[in-house]
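Me: Please take a close look at one part of this model and tell me how it sits among its surroundings. One connected account will do.

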Amino acid sequence: MDCFHLTGIRCYGYTGYLPEEQVLGQWFEVDLTLWLDLSVAGKSDAIEDTLDYRSVINDVQHLVKTSKYALIERLVDAIATSILKADRVQQVQVRLTKLAAPIPDFGGKITVEITRSR
């Protein structure tokens, strides 16, 4: 199976367990791997024969910006579910990183990664 890697999709969103995270928001970064058959597009050179990844990026940005979930696990699942609605995508891996988690004395990142298939 062929795949697209879409990395570094940065968005400001309002998902988080703490109430202030859902009010003040924070930056997230999303990386995707989408598995699909690219053989027809590889021969035809026509966008109609592939997945327009611009729409995937737009959908991810919209979900991150408008969702207010308590858990990033829920947001990651919502992103995967949305992407799998595209007929061509057979499997998706979503990595969502909370770039500045509000945890005292912690300067690292928190990342959740899931893989979902049709």
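Reply: Leu 96 has Val 112, in β4, as its bridge partner. The model is predicted: local features need pLDDT of at least 70 and side-chain atom pairs pLDDT 80 or more, while totals for chains, interfaces and linings use all residues. Residues are numbered from 1 along each chain as its sequence is written, and side-chain values use heavy atoms, without hydrogens or water.

Strand β3 covers residues 91–98; strands here are DSSP runs of E with at least two residues, helices runs of H or I with at least four, numbered from the N terminus. The sheet is open and has four strands in the order β1-β2-β3-β4, with antiparallel pairing. Pairing requires at least two DSSP bridges between two strands. β1 and β4 are the edge strands, each pairing on one side only. From one strand to the next, the twist averages 15° (axes are lines fitted to C-alpha atoms, for helices over the stretch in contact; angles run from 0 to 180 degrees between N-to-C directions).

On one side, β3 pairs with strand β2 (residues 26–36) in the antiparallel sense, over eight bridges. Within this pairing, Leu 34 has Val 92 of β3 as its partner. β3 is also joined to strand β4 (residues 110–117), again antiparallel and by eight bridges. Further along the sheet, ten bridges link the antiparallel strands β1 and β2, where Ile 9 stands opposite Val 30 in β2.

β3 is largely enclosed by the rest of the structure, because six of its eight residues are buried (buried is under 20% relative accessible area, exposed over 50%, partly exposed in between; 1.4 Å probe, protein chains only). Thr 97, which lies in β3, is buried with a relative accessible area of 8%. Its side chain makes a polar contact of 2.8 Å with the side chain of Thr 111. A polar contact is an N or O pair within 3.5 Å; within protein, one atom must be able to donate a hydrogen and the other to accept it, and sequence-adjacent residues count only if both atoms are side-chain atoms. Neighbours within four places in sequence aside, Thr 97 is in contact with Trp 27, Phe 28, Glu 29, Lys 109, Ile 110 and Thr 111, contact being heavy atoms within 4.5 Å.

α3 lies across β1 and β2 and runs at about 35° to β1.

The largest nonpolar core has 28 residues, and those with the most contacts inside it are Val 30, Leu 32, Leu 34, Val 60, Ile 79, Ile 83 and Val 94. β1 (2–13), β2, α3 (53–66), α4 (72–83), β3 and β4 each supply at least two of the core residues. α4 gives the largest share, six residues. Such a core is a set of buried Ala, Val, Leu, Ile, Met, Phe, Trp, Tyr and Cys residues joined through side-chain atoms within 4.5 Å. Leu 34, the partner of Val 92, touches residues including Phe 4, Val 56, Ile 83, Val 89 and Gln 91, not counting residues up to four places away in sequence.
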